[in-house]
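Subject: Structure handover

Hello,

Here is the structure we talked about. Please open it alongside these notes.

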Amino acid sequence: MNKNRYLLSVFLTFLALVGLVACGGTQEAGPSTTSTANQGAGTWPLTVTDSKGQVTIPAKPSRIVSLSPTATEQLFAISAGPQVVAVDKQSTFPPQAPKTALDGYQPNVEAIRSYNPDLVVLAYDPNSLTQQLRDAKVPVITLTTPSSLAQAYDQLRLLGQVTGNSSQAELTATAMRTSIEQLTSTVSPPNGKPLRVYVETEAGSSYYTPGVNSYMGDLLRTLHLANIADPAMTAGADANYPSLSSEAIIKANPQLIVLTNPVSAAAVAARPGWSSIEAVRHREHSIITVEADLASRWGPRLVQAAQVIAAAATHLQTAH
Amino acid sequence: MSTLQEVYQRTFLRQLVSRPLSGSEVPALQTSGAEARAGYDRLRPVALTGLVVLLVVVILVGLGVGPIPIPAWRIAADVLPDGLTGHLPRLSERDQAVVWQLRAPRVIIAGLVGAALAMAGATYQAVFANPLADPYLLGVAAGAGLGVTVAVVTVNSPTSATIPLAAFAGAGLASALTVALGRSRRGGLPAPASLLLAGVSVTALLTAAQTLLQHQHVDQLQRIYSFILGGFGGASWPLAGMLAPYLAVGAGVLLACGRLLDVLALGDDQARCLGVPARRVRLLVIAAATVLTGAAVAAGGLIGFIGIIVPHALRLLLGVGSTRVLLPLCALAGAAFTIAADTAARTTLSPAEIPIGVVTALVGAPFFLLVLRRHVGV
């Protein structure tokens, strides 16, 4: 009797724990390589170089599956939207994208193939997905997190070429570049001393931030802002996505804190020891939030993130 | 003297002496028995003073080093009254924040966690008469891991207080489950062997649930793993305040039960003859050790090795056999070791931090082997 009751309680506990499941936010980071196109557009078969190497696309794709939220935004921005048949569940933008249950973090070959794709676009390949798809004669383009803005623009051009939307892709890339470069003039420091900025992507026991070799690091540089993760300011910081200790951030003393994670300015100010940081002392306009989807994706909407950061920096520089 | 089992025989000597010896065990006793009986079972002032000094040194170093180096005398000048220090300059506002809001709670929490894990480890080893018993034996680690996983995937933005609470709740539920499962069919108090088995199955069950949840939330893995690997990056005074009462109660019960633990080592029957209700005492100290472990895990994540290394190193280096004597030494040595390991974890690869579990294993495992070789001649 007793034993049965215990076994039942174990089972119920187990069920209750397994049942407590809910959705969380998305976050992207990873290695980066260059992606450049090497052939003229509009003729297939077409051989291009993506983040992983050379890929041959046999014909103009009309059934594209995107497993990367950024790629989804890029495809729709360059007018390749009608060619997209399925996007992964993390692809939250644009709203008209054909969102499915496909999981970009744990891609399943069978599920992807059920959409009968003639092109799959990935940012992340945790197992041998690319090989499995290629074995099945499905071309795969991998576009990993770029390490500069130029690489982000090139990804647009590459997708334009592959999908037969080159001119629209070129327009989108140019618009993105000029919009960001125009912001530069508004944030140029009057006295030549750039504002010290800390961008937070993930907070735990230490803090993850984009390094100098990341598209966000490049964005800060383009905006004439000093990234505190620059090894010149924080010795030993990794160039890609370094993790910084509280103390390293306090030492670097940022003047502007950009939160791209769901953390409130009040919570940041309450972190032990952070009260001595200049941005925390002034707080009013010096701790800002940029929507994670804008900052963690390197598609055309990155311009919106740049605008928010530039506006805050301009405000602080005129106030100083 | 060549196997771990023999080390165990020597360090758990009382148990050996008390029961009839088989022929093969007699030589082992003759080589080390006299030595072990010769006064090692009382608290020696030298050992105690040495460990206290070590702890103080480690605390001062821990407060002083980091990306912003602050010499110990400046920290001292900051706390002592002006008259005593001859009006030395106080620390700057930034340095005060770094020392008193970041490093001080961190050093204190690391010390408390280390003391708790070492004491819990010593207790489990004594209670289960098993030298490999560690504080995570009864499913505490798996329970805490599951608690944190559930919290991370269900709460949208867990605050600094959510994770320790979830870990503590998970640890508590897991060990309660273990004790419930380990009880005998007649509803009696659990025997050590069945508790161990129950602990193993609860660990397996909860780990499976945790893995399943993590598999469904790959995007949250980083936060879960930073807990699993352990660390004191989230240390703060409120966390130290939350931790302290559990540690005080757990440690108090264990220190008060030291003599009973030594009697338990004689075996259940002998203990009963001496008027000690073996199973009840065992359950009480297991509960106290589990409270210690749960609180430690809540504050520092899953830090391995401390609970095994510290008690054994003390047994081997100082020849302590009695658990009563071992427990206070464990508290001091565990605290010093963990503070030192944490200081290394946050300074070695600065500005990044390495998980403290990596440090305790990297430093602890070879040290432990060295101790074993020197004292046992492997």
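One definition before the helices: axes are lines fitted to C-alpha atoms, over the stretch in contact for helices, and angles run from 0 to 180 degrees between N-to-C directions. Note also that this is a predicted model.

Chain B, helix pair. Helix H7 (residues 93-127) of chain B meets helix H15 (residues 278-300) of chain B. Their axes come within 9 Å and cross at roughly 150°. Angles over 145 degrees count as roughly antiparallel, so H7(B) is roughly antiparallel to H15(B). The crossing is left-handed. On the H7(B) side, the contact residues include Ile109(B), Val113(B), Leu117(B) and Tyr124(B). H15(B) contributes, among them, Arg282(B), Ile286(B), Leu292(B) and Gly300(B). The residues of this contact divide into 15 nonpolar, 3 polar and 1 charged.

Chain A, overall. Chain A has 12 helices and 13 strands. Of its 320 residues, 49% are buried. Among contacts in chain A with a separation of 6 or more, 61% join residues 24 or more positions apart.

Chain A, sheet. Four strands form an open sheet in the order S4-S3-S5-S6 (chain A), with parallel pairing. Strand S4 (84-87) and strand S6 (140-142) of chain A are the edges, each pairing on one side only. The twist averages 20° from one strand to the next. Strand S5 (residues 119-122) of chain A pairs with S6(A) over 3 bridges. There, Val121(A) has Ile141(A) of S6(A) as its bridge partner. Helix H2 (residues 69-77) of chain A lies across S3 (64-66), S4 and S5 of chain A. H2(A) runs at about 135° to S3(A).

Best wishes

Terms used
Residues are numbered from 1 along each chain as its sequence is written. Chains are lettered from A and ligands numbered from 1 in the order in which they are written. This is a predicted model: local features need pLDDT of at least 70, side-chain atom pairs count only at pLDDT 80 or more; totals for chains, interfaces and linings use all residues. Helices (H or I, at least four residues) and strands (E, at least two) are DSSP runs, numbered from the N terminus. Angles under 35 degrees count as roughly parallel, over 145 as roughly antiparallel, 65 to 115 as roughly perpendicular and the rest as oblique. A crossing is left-handed if the near helix is turned anticlockwise from the far one by less than a right angle, and right-handed if clockwise. Two residues are in contact if their C-beta atoms, placed from the backbone, lie within 7 Å. Ala, Val, Leu, Ile, Met, Phe, Trp, Tyr, Cys and Pro count as nonpolar, Asp, Glu, Lys and Arg as charged, and the others, Gly among them, as polar. A residue is buried if 20 or more other C-beta atoms lie within 10 Å of its own, exposed if 12 or fewer, and partly exposed in between; C-beta atoms are placed from the backbone. Two strands pair if DSSP finds at least two bridges between them.
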